[in-house]
Every structure is written in structure tokens, then in C-alpha cells.
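Subject: Structure handover

Hello,

Here is the structure I promised to pass on. Please open it and keep it beside this email while you read.

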Amino acid sequence: MKNFACTLGKYTALTLFAASFLLAGQAGGGVNPTMEIPQRIPFSPGEKLTFELKWLFLPAGTATIEILPIELMDGEPAWHFVLKARTNRFTDAFYKVRDRIDTYVDLNMTRTLYYKKIQREGDTKRDVEVIFDWENLKASYVQDGNKEKETEINPESFDPLSVVYKFRSGDIALERQMQAWVTDGKKCVEGRAFITKEQSLAVPAGRYETFVMEPELKHAGGVFQESKNPSLRIWFSKGPERQIIKIRGKVAVGSFSANLVKVEKLPPHLLDQDIPEED
């Protein structure tokens with residue numbers, strides 16, 4: 001069970017597509033509510049997706065991904081995406097996880113403006129932020145207030161969470177290859193994913209017609225890098241919103257999955273409710 005908890009804690013963002021933080025600049029205040037979101041973008045503020053996380057066949061926790069109200073980041077309108085992951089009470093006894101990732105992306109979905117991860121896993125407490133210097137095409141990895149790494153980035157680069165939304169805002173179609181530059185502040189790689197098939201899929205939230213995406217894992221680290229023939233699949237709905245319906249991965253220590261259990265469209269005053277720490 002602890003193997004699962006480590007996998008959940010260290011690779012939750014990765015499960016939502018990457019190789020699996022204190023604000024820099026001022027994020028503040030909502031922007032003009034009449035600001036026009038580009039028509040090609042299929043999502044909007046207020047969306048909240050809730051997933052049940054399983055290790056093999058055992059329920060082990062929940063994860064949510066939310067789109068908060070559009071904000072200003074250093075004066076630029078920005079999307080605010082949030083991922084939260086927590087183990088359930090049973091898994092807490094082995095390895096308690098309470099993680100949160102915040103990412104801010106420009107309104108046209110061309111680059112990440114700021115990334116922050118608050119990691120609470122067992123005895124590990126780590127705050128990470130990635131600071132982007134777009135004028136000089138640099139990203140800095142900062143842990144617990146200390147700058148540890150600087151790397152060169154591509155002019156259009158995303159973090160491990162926002163790249164999911166980048167793909168959602170693209171043209172998802174059968175046999176299409178999706179690609180985007182991805183950075184965690186330590187390295188910048190070209191992430192690729194392939195739409196391999198269409199599938200009718202039933203999850204707790206309902207039945208969906210989906211596209212199946214298979215990310216390329218050659219740049220993935222951690223448990224994926226250590227596994228022989230690892231796999232990762234993400235199911236997107238074929239409807240106009242192209243929501244994530246299911247995620248399933250296989251690594252050396254077993255398989256894990258995230259199944260959509262609830263889709264919500266929340267008003268601003270109900271967004272971003274913090275996860276209780278001690279329940």
C-alpha cells in the first residue's frame with residue numbers, strides 16, 4: 001500500500017499528463033467579467049472535475065481539478081487551474097497525502113506564467129514554485145524559498161498540469177499527434193501524445209464517447225522511468241468540452257486509475273474550497 005501512496009503523492013500531476021508553490025508576481029483580483037475568452041477554448045471558469053483514485057482495485061483517495069476565476073498575473077489576464085489530491089482515511093494510516101498544484105496560464109493558452117506545488121506526503125513537506133522569465137526564456141526551480149535550478153525554455157512552454165488544458169484546447173481527433181513543450185523548472189522537453197482510438201466508456205459520472213490519448217513516456221521520470229514497458233492512457237470526452245473522463249497507468253509496482261465521479265459548474269463563491277487536513 002505504501003508503494004501506491006508514494007506513486008499517488010509523487011506522480012499525481014504526472015497522471016494528469018506529465019512525466020510524474022508562494023506567488024511570484026502579484027496574482028490578484030478577478031478581471032473584467034465581460035472579458036472575452038477565445039472561442040476555440042472548450043472550458044470555462046467554474047468547472048470542477050472530481051476523480052476517484054484507485055491502486056489496483058482498492059479505493060485510495062480522490063483528486064479534483066478546478067478552473068478558478070480568471071485573474072491578473074503581473075497585469076496579464078490568466079487562467080487559474082488547480083489540482084488537489086488526497087488519500088482516504090484508510091490510506092492515511094500508511095501514507096497521508098495532501099497535495100495541491102496551482103498554475104496560471106495566459107488567456108490564449110500559449111504559455112505558463114507561474115506554477116506552484118504544495119507537497120504534503122507522509123513526513124515530507126515541500127513547497128515548490130517555478131518562476132518564468134519570458135523575456136530571457138528562462139525558468140527557475142525554487143524549493144522552500146531557495147533557487148535550485150535554472151533552465152532554458154521554449155517560447156511556448158507549459159507546466160505538467162496546464163499542458164492537459166493545452167491539449168484540451170487543441171484539435172483532438174483520431175490518429176492525431178499532439179505536442180507541446182513542458183517544463184518543471186529543471187528541464188524543458190517536447191511532450192508528445194497520440195490519439196489512438198475512440199471508445200465508449202462508463203465511469204461513475206456516466207457513459208461517454210471518448211478519444212483515447214497515449215502520452216509518450218520517454219522523458220518521464222520516477223516510477224515510469226524505473227518501470228519496464230510503462231503505460232499511461234487518458235480518455236477525453238468527444239463532446240465540445242473535451243473533459244478528462246479517465247486516467248489509467250501501469251508501472252512496475254502495479255496499475256493505478258482515476259475515474260470521473262462528478263462534473264460541476266460552480267459559481268465563484270464556491271470555488272477553491274480547501275481540503276480539510278485533519279478529518
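In which segment is L270 found? L270 sits in the segment after β16 (254-265). Strands carry numbers from the N terminus; helices (H or I, at least four residues) and strands (E, at least two) are DSSP runs. L270 is partly exposed, because its relative accessible area is 38%. The scale is this: buried means under 20% relative accessible area, exposed means over 50%, and partly exposed is in between (1.4 Å probe, protein chains only). L270 and L68 are 202 residues apart in sequence, yet 9.8 Å apart in space, C-alpha to C-alpha.

Two notes on the source. This is a predicted model, where local features need pLDDT of at least 70, side-chain atom pairs count only at pLDDT 80 or more, and totals for chains, interfaces and linings use all residues. Residues are numbered from 1 along each chain as its sequence is written, and side-chain values use heavy atoms, with hydrogens and water left out.

The whole chain

The chain has 279 residues, and buried ones make up 52% of them. It contains four helices and 16 strands. Its accessible surface is about 12900 Å², and carbon and sulfur atoms account for 48% of that. Such areas come from the Shrake-Rupley method with a 1.4 Å probe; for residues, only the protein chains shown count as cover.

The core

In soluble globular proteins, nonpolar side chains tend to be buried together. Here, the largest nonpolar core holds 56 residues. A nonpolar core is a set of buried Ala, Val, Leu, Ile, Met, Phe, Trp, Tyr and Cys residues joined through side-chain atoms within 4.5 Å. Which members touch the most others? They are F43, W79, F81, M109, M213 and I244. Take M213: leaving out residues up to four places away in sequence, M213 touches F167, M178, A193, F194, I195, L232, R233, I234 and F236. Contact means heavy atoms within 4.5 Å.

Aromatic rings

How many aromatic pairs does the structure hold? There are eight. One of them is F43 with W79: the ring centres are 5.1 Å apart and the planes at 70°, so this pair is edge-to-face. The pair links distant parts of the chain, 36 residues apart. F43 is in the loop between β1 (27-30) and β2 (47-55), while W79 is in strand β4 (residues 76-87). F43 counts as buried because its relative accessibility is 3%. W79 is buried too, at 0%.

Y104 and Y114 have ring centres 6.2 Å apart and planes at 45°, so they are tilted. Y104 lies in strand β5 (residues 98-106) and Y114 in strand β6, so the pair ties together parts ten residues apart in sequence. The rule: rings of Phe, Tyr and Trp (its six-membered ring) pair if their centres lie within 6.5 Å; planes under 30 degrees apart are stacked, over 60 edge-to-face, and the rest tilted.

F43, W79, F81 and Y165 form one aromatic cluster.

Charges also sit over rings. The charged end of K186 is over the ring of Y141, 4.4 Å from its centre. The charged end of K246 is over the ring of W235, 5.9 Å from its centre. For this, NZ of Lys or CZ of Arg must be within 6 Å of the ring centre and within 35 degrees of the ring normal.

Strand β14 and its partners

Why is strand β14 (residues 231-237) called largely enclosed by the rest of the structure? Because five of its seven residues are buried. Strand β13 (residues 206-215) pairs with β14 in the antiparallel sense over four bridges. T210 stands opposite S237 in β14. β14 also pairs with strand β15 (residues 244-251), again antiparallel, over six bridges. Two strands pair if DSSP finds at least two bridges between them. F236 has I244 in β15 as its bridge partner.

The hairpin of β14 and β15 has six residues between the strands, and there R242 takes a positive phi near 50°. Q243 lies in that loop between β14 and β15. Q243 counts as buried because its relative accessibility is 5%. Among its contacts beyond four places in sequence are E47, L49, R168 and W235.

Strand β6

L113 is in strand β6 (residues 112-121). L113 counts as buried because its relative accessibility is 12%. L113 and I131 are 18 residues apart in sequence and 7.8 Å apart in space, C-alpha to C-alpha.

Best wishes
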